[in-house]
Amino acid sequence: MLNSHGKNHPESQFSPKGSLTRKTLFQITVCAVLIVTGSAIANYMQAISALRNQKLTQLEESVVERVAREQQIFDLAVDNHAILKAEILREFAQPSPANLEEEFNNLFIRYPDGVIRNNPVNFDGERQAGVYIDKSLEITPEIRRKVIDLQRLIESYGRAWHNRFDSTFIMTPENITIVYWPEVPNYVKEADANFYMPQKPEYLVATPENNPERKTVWTTPYYEPVSQLWLVTASTPVDYNGQTIGTLGHDITLNQLIERTVNVHIEGGYNLIFRGDGQLIAHPHLIDKIQDSTTTVKIQNLQDSNLMNIFKLVTNAPPNQYIIPNYEDNQYLVFRQMPGIDWYFVTVFPRSILIKKSVNFVLANILIEVILLLSLMLLVWVVLKRQVSAPLQQLINGTQKISAGNYNVSIPDNTQDELGCLAHSFNLMAAEISTRSQELQGTLQNQKMLVHSVTITMNELNSSARGSAEQASKAALAAKQVLYLIKGYRESDDNYCQDGLQETVNKLAYKISDLSNKIVKIGLISTIVSNLANQTNILALNAAVEAVQADQNSGQGFNVIANEIRKLADQSKSSAAEINNLVHDIQKAMSSTVRVTEESKTGFNEVVNGINSIVENSQTISLNINQQSVAIEQVLEMMNDLNLNY
């Protein structure tokens, strides 16, 4: 009965519509995606900042290194000039040697244009220093000594420094030029008669008016027509006893410097060099314009907004700030100023390259994170499948078996986690349900026996009730017959013979005696009905107790039956009591009737009254017993149905 009820229970057909593993995995995935997205954004911002700082630091280091390397030649020129200047002053402090005229005339001759130059007979321009003496200059012993001493010093030191400097020379106020320049051995020979060095920028830059500190200074880049090279010259004045002996010079060819500046650059960026006054020295896109022009190229005259922004930002930069963002042109500027020559070496680096590198870096990180995320999701799925989904499926299968009525269920509970505790609790619950089910089966078996017993009792009660009804009907019929007899005699003649009356009285006594016996039987049946009512009350009480112990559904049926049986028992008990009272009254009436019949004819009126009372009471008994029989049949039908259900 319970099993069939469980199978019809709607919840027993429930099946999950989703997977807890997939749901949890989905939630973890969403959280992980959000975390990865946030991490990607943070990584992007951090990557931009880190790459910017890293790249700009590298650029700054590169610029510092480049400037230091390029600065070496300029610093070396200053050092060389200091050495040579000291040697010249030491030489001029020595006494003047005698007989210099012959040596002078052997080394130098006057050319047809009037200029005194090296004697071509004994001159090697690749090994010796060339001399140019103004054609209008008077040759004195002091001039001879000055030229010979300076020519010897320039030649010896120029040859020693040639590996770093193409040329070493000195210029005097008298328009004397002594130069060691092996790459241009005919420099002094090709200089025309109007060549006047004191008007050249390399000389003017060092005059007392332009260089009152009397230190080494640098010319602006200029185009040298004899060598057809772009040069920059380091000029150092040499004064002796308040008089200018001459100006030392080192020429630095800019071609190699420009080539290095243009060709050696960081990937994606470029380099340029300009002076503080705006003169452009090197630029990758303007190199032809710079080298082909015989005049200086000024940034201010180029109408180039980007170049002008770079120039302004660099020259107006705060002290010790060498990395400047150029927001207008989306660039970073990294620069250093070359000491002493007022040059700015600038590396221009587009910000877009940093962004591209940052994006690539972030995409690479995202790809790695996605791979790790997928691997993690796979691992989480395997763990959830094994550690959560499988135990939960076992619990679901177990609950479905219990729902189907199979209480002999046990699932593994050997883990120490929450699911292990849940499985352990489930096993305890299944064992408890199995025990309760067995107890309930026993209770139901007892209920079945009780119902069967009640059914038998109700059958007996029904038979007794039918018998009581038949006896009551017979008693009523007998009482009517007596009454008819009495009425008949009363209507006959008063002189009716005594024998006839005696015979009639004897018949009446017989009938009354017979009626008395039937009434006694009715009393016995009433007693049986009363006992059955008491037993029925006891059965109803037992059914109520069993209903309390049974489950909700089967217990409800027992409650209905118990209530009906209790009502029937109460009704039967009440009817039995009423029948007993009526029987007692009939017995009194019968006794009175017998006594009256035996005593005299004069008692007929009392007999009539007694018989009428018997008739009325017998009819009432018959009616009550019939009603009781109908009620018993209804309860009996219910008990039969319940018995069939068992």
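## Close-up views of a predicted model

**View 1. A hairpin is formed by strands β10 and β11.** Between β10 and β11 there are 4 residues, and Gly 278 in the turn has a positive phi of about 100 degrees. This is a predicted model, in which local features need pLDDT of at least 70 and side-chain atom pairs count only at pLDDT 80 or more, while totals for chains, interfaces and linings use all residues. Residues are numbered from 1 along each chain as its sequence is written, and side-chain values use heavy atoms, with hydrogens and water left out. Helices (H or I, at least four residues) and strands (E, at least two) are DSSP runs, numbered from the N terminus. Strand β10 covers residues 270-275 and is joined to strand β11, residues 280-282, by 2 bridges in an antiparallel arrangement; two strands pair if DSSP finds at least two bridges between them.

**View 2. Strand β10 is mostly covered.** In β10, 6 of its 6 residues are buried, where buried means under 20% relative accessible area, exposed means over 50%, and partly exposed lies in between (1.4 Å probe, protein chains only). Tyr 270, Leu 272 and Phe 274 point one way from the strand, whereas Asn 271, Ile 273 and Arg 275 point the other way. β10 also pairs with strand β14, residues 343-350, in the antiparallel sense over 6 bridges, and Phe 274 has Tyr 344 as its bridge partner in β14.

View 3. A salt bridge is a side-chain nitrogen of Lys or Arg within 4 Å of a carboxyl oxygen of Asp or Glu, and the structure holds 13 of them. Glu 87 is buried, with a relative accessible area of 18%, whereas Arg 90, at 42%, is partly exposed.

**View 4. A salt bridge joins Arg 214 and Asp 239.** The N to O distance in this pair is 2.9 Å. The pair links distant parts of the chain, 25 residues apart, with Arg 214 in the loop between α6 (201-204) and β6 (217-218) and Asp 239 in strand β8 (residues 229-240). Arg 214 counts as buried at 18% relative accessibility, while Asp 239 counts as partly exposed at 28%.

**View 5. The largest cavity holds about 80 Å³ of space.** On a 1 Å grid over the protein atoms alone, a cavity is a set of points where a 1.4 Å probe fits but cannot get out, and lining residues have an atom within 4 Å of a point; a volume is the space filled by probe spheres set on the points, which are joined across faces, edges and corners. The structure holds 6 cavities of 30 Å³ or more. Residues that line the largest cavity include Phe 169, Trp 181, Tyr 222 and Asp 251, and the elements that give two or more residues to this lining are β5 (176-180) and β7 (222-224).

Technical notes:
On a 1 Å grid over the protein atoms alone, a cavity is a set of points where a 1.4 Å probe fits but cannot get out, and a pocket is an open set with protein on both sides within 12 Å along at least five of seven lines; lining residues have an atom within 4 Å of a point.
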